[in-house]
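Subject: Structure for your review

Hello,

Here is the structure I said I would pass on. Please look through it with the notes that follow.

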Amino acid sequence: MSERKQQIARHFGAAAPTYDHAARIQARIAEAFAGEIAAHVQPERMLEFGCGTGNLSAAIAAQFPDADLIATDLAPAMAVSCRKRLGRSARLAYAAMDAELPAFAPRQFDLVCGSLAAQWFADPHHAFTALGALLRPGGVLALTTLGADTFREWRAAAALLGLNAAIPAYPSLSQLDWQRPPGFLVEAAREQRLWDEHPSALDFLQSLRRIGADLPADDARPLSPGALRRILRQVDAQGHVNATYHVLTVLWRRVG
Ligand SMILES: C[S@@+](CC[C@H](N)C(=O)[O-])C[C@H]1O[C@@H](n2cnc3c(N)ncnc32)[C@H](O)[C@@H]1O
């Protein structure tokens with residue numbers, strides 16, 4: 001596993017005990033996403049990647065009580081938290097798995113899904129192709145991920161100071177579609193903007209830490225403490241903090 005991936009797994013693993021308290025937006029997104037999935041597919045066998053503590057797992061297990069679900073995450077501690085939340089049953093299984101190297105035989109699932117995990121992939125097209133290969137023909141690859149406007153307030157504040165906010169370059173909805181695997185058609189695609197309110201910039205940053213998502217972009221130099229303090233002051237100067245989550249949702253159906 002690459003050094004970057006080990007770092008991602010360590011950050012999220014360490015955040016497993018604090019994730020749920022801070023992940024308000026993630027919980028809302030997962031709940032709505034499960035409803036969207038149910039409008040397009042009635043699965044018997046489901047695989048979830050990047051399950052975290054089980055926001056989407058719980059929602060799809062409730063939507064499809066008769067289906068089998070394997071919930072997986074890069075961070076073993078997250079898969080354990082998910083198991084604690086959903087419990088054990090003949091229909092549920094949990095595993096640590098890098099979604100970019102899925103360890104399952106092809107063509108065995110009707111639904112492969114993940115919420116807010118794909119933005120961590122090193123090579124999304126390759127990962128989506130590997131995940132798509134696990135689907136039976138007619139099956140659906142469904143995911144939410146972060147879009148280009150995410151945390152625009154931070155980029156703007158850093159740019160005003162001539163700094164780089166070290167936030168990854170997230171895709172637009174059409175750029176995400178370029179990552180669609182061969183043999184898949186768009187079943188549904190939409191974008192929405194949600195705002196996460198915080199009393200201060202520091203509070204927002206601490207909430208990112210509590211969910212494990214405080215890693216700088218892979219190709220960015222981490223901000224120095226001084227630069228970070230200047231950005232925090234700049235964001236605070238705009239009043240209370242409304243962090244934009246630009247959420248892209250796609251459902252791709254396997255036709256080939
Ligand atoms: C923001 S959390 C989302 C968790 C959950 N899906 C939710 O909606 O609350 C992102 C999760 O993706 C996982 N993750 C990151 N990269 C991954 C990868 N390559 N394979 C599998 N999981 C990954 C992280 O460990 C973390 O649990």
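Which residues of helix 3 meet helix 4, and which residues of helix 4 do they meet? From helix 3 the residues are Q26, A27, A30, E31, F33, A34, I37 and A38; from helix 4 they are N55, L56, A59, I60 and Q63. By class, the residues of this contact are nine nonpolar, three polar and one charged. Please keep in mind that the model is predicted.

On the geometry of that pair: helix 3 covers residues 24–38 and helix 4 covers residues 55–63, and their axes come within 8 Å and cross at roughly 30 degrees. Angles under 35 degrees count as roughly parallel, so helix 3 is roughly parallel to helix 4. The crossing of helix 3 past helix 4 is right-handed.

Helix 4 also packs against helix 5 (residues 76–86), where the axes come within 9 Å and cross at roughly 40 degrees. That angle makes helix 4 oblique to helix 5. Here too the crossing is right-handed. S57, A58 and A61 of helix 4 meet C82, R85 and L86 of helix 5. This contact divides into four nonpolar residues, one polar and one charged.

Next, the cores. The largest nonpolar core has 62 residues, and the residues with the most contacts inside it are I60, V112, C113 and L141. Strand 5 (residues 135–146) gives this core its largest share, six residues. I60, which is also part of the contact between helix 3 and helix 4, touches A34, I37, M46, L69 and C113 when neighbours within four places in sequence are left aside. Another core, of twelve residues, lies apart from the largest one; W154, A166, F204 and V241 are among its residues. As background, nonpolar side chains tend to be buried together in soluble globular proteins.

Q179 sits in the loop between helix 8 (173–177) and strand 6 (184–198). Is Q179 buried or exposed? Q179 counts as buried, because it has 20 C-beta neighbours inside 10 Å, and 20 or more is the cut-off for that class. Leaving aside neighbours within four places in sequence, Q179 is in contact with P124, H125 and F128. Between Q179 and Y245 there are 66 residues in sequence and 21 Å in space, C-alpha to C-alpha.

Regards

Methods. Residues numbered from 1 in each chain as written. Predicted model: local features only at pLDDT ≥ 70, side-chain atom pairs only at ≥ 80, totals over all residues. Axes fitted to C-alpha atoms, helices over the stretch in contact; angles between N-to-C directions. Helix = DSSP H or I, 4+ residues; strand = E, 2+ residues; numbered from the N terminus. Parallel < 35°, antiparallel > 145°, perpendicular 65-115°, else oblique. Left-handed = near helix turned anticlockwise from the far one by under 90°. Contact = placed C-beta atoms within 7 Å. Nonpolar A, V, L, I, M, F, W, Y, C, P; charged D, E, K, R; others polar. Core = buried A, V, L, I, M, F, W, Y, C linked by C-beta atoms within 7 Å.
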